[in-house]
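I opened the model and worked through it one item at a time. My entries follow in the order I made them.

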Amino acid sequence: QVHLVESGGGLVQPGGSLRLSCAASRSYAGSSFNFYLMGWYRQAPGKQRELVAAITRGGSTNYADSVKGRFTISRDDAKNAVYLQMNSLKPEDTAVYYCKQQRQGPDYWGQGTQVTVSS
């Protein structure tokens with residue numbers, strides 16, 4: 001079962017912006033997102049999946065060095081959603097972006113959304 005659903009990916013020119021969203025699916029079996037550490041990961045072709053940004057229960061955030069100052073992770077507890085605002089996009093940001101909810105049991109992952117940065 002897929003418990004998380006990402007959206008907002010697409011094709012954008014270098015320097016452009018996108019906002020990714022992660023929401024609970026209809027089959028979501030968990031508590032409010034604010035009980036969990038939530039993260040955005042990405043995987044480019046031929047590369048390992050890597051952490052892009054994360055937000056803790058307390059609202060603290062951390063980012064990969066490659067996206068610091070360009071990406072912002074946020075959370076809307078009322079909507080049970082997590083967002084990734086991506087600005088000043090570069091071709092090297094091209095990847096499938098995944099949302100992850102860190103749990104005591106198996107983590108929840110979404111199916112991913114494709115982001116392509118190209119002119």
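**Entry 1: Q101**

I started at Q101, which sits in strand β9. Strands here are DSSP runs of E with at least two residues, helices are runs of H or I with at least four, and both are numbered from the N terminus. This is a predicted model, where local features need pLDDT of at least 70, side-chain atom pairs count only at pLDDT 80 or more, and totals for chains, interfaces and linings use all residues. Residues are numbered from 1 along each chain as its sequence is written, and side-chain values use heavy atoms, with hydrogens and water left out.

Is Q101 buried or exposed? Q101 is buried, at 0% relative accessibility. The cut-offs are under 20% relative accessible area for buried, over 50% for exposed and partly exposed in between, with a 1.4 Å probe and protein chains only.

I then listed what Q101 touches, leaving out residues up to four places away in sequence: L4, Y28, F33, Y36, L37, M38, D107 and Y108. Contact means heavy atoms within 4.5 Å.

**Entry 2: β4 and its partners**

I moved to β4, which runs antiparallel to β9 and is joined to it by seven bridges. Two strands pair if DSSP finds at least two bridges between them. G39 faces K100 of β9. β4 also pairs with β5, antiparallel, over five bridges. There, W40 has A53 as its bridge partner. The β4 and β5 hairpin has six residues between its strands, and G46 takes a positive phi near 75 degrees in it. Of the seven residues of β4, five are buried.

**Entry 3: E50**

Next I looked up E50, in strand β5. E50 is partly exposed, with a relative accessible area of 35%. Beyond residues up to four places away in sequence, E50 touches W40, Y41 and R42. The side chains of E50 and R42 make a polar contact of 2.7 Å. I also checked Y98: it lies 48 residues from E50 in sequence, and the C-alpha atoms are 9.7 Å apart.

**Entry 4: the open sheet**

I traced an open sheet of four strands, in the order β1-β3-β8-β7, with antiparallel pairing. β1 (4–7) and β7 (71–76) are at the edges with a single partner strand each, so one side of each has no neighbour in the sheet. β7 pairs with β8 (residues 81–86) over six bridges. T72 stands opposite Q85 in β8.

**Entry 5: core and whole chain**

Which residues have the most contacts inside the largest nonpolar core? They are W40, L84, M86 and Y97, in a core of 28 residues. A nonpolar core is a set of buried Ala, Val, Leu, Ile, Met, Phe, Trp, Tyr and Cys residues joined through side-chain atoms within 4.5 Å.

Last, I took chain totals. The chain has 11 strands and zero helices. Of its 119 residues, 41% count as buried. Among contacts with a separation of 6 or more, 52% join residues 24 or more positions apart. The C-alpha atoms fill a box of roughly 40 × 30 × 25 Å along the principal axes.

Technical notes:
A polar contact is a pair of N or O atoms within 3.5 Å; within protein, one must be able to donate a hydrogen and the other to accept it, and residues adjacent in sequence count only if both atoms are side-chain atoms.
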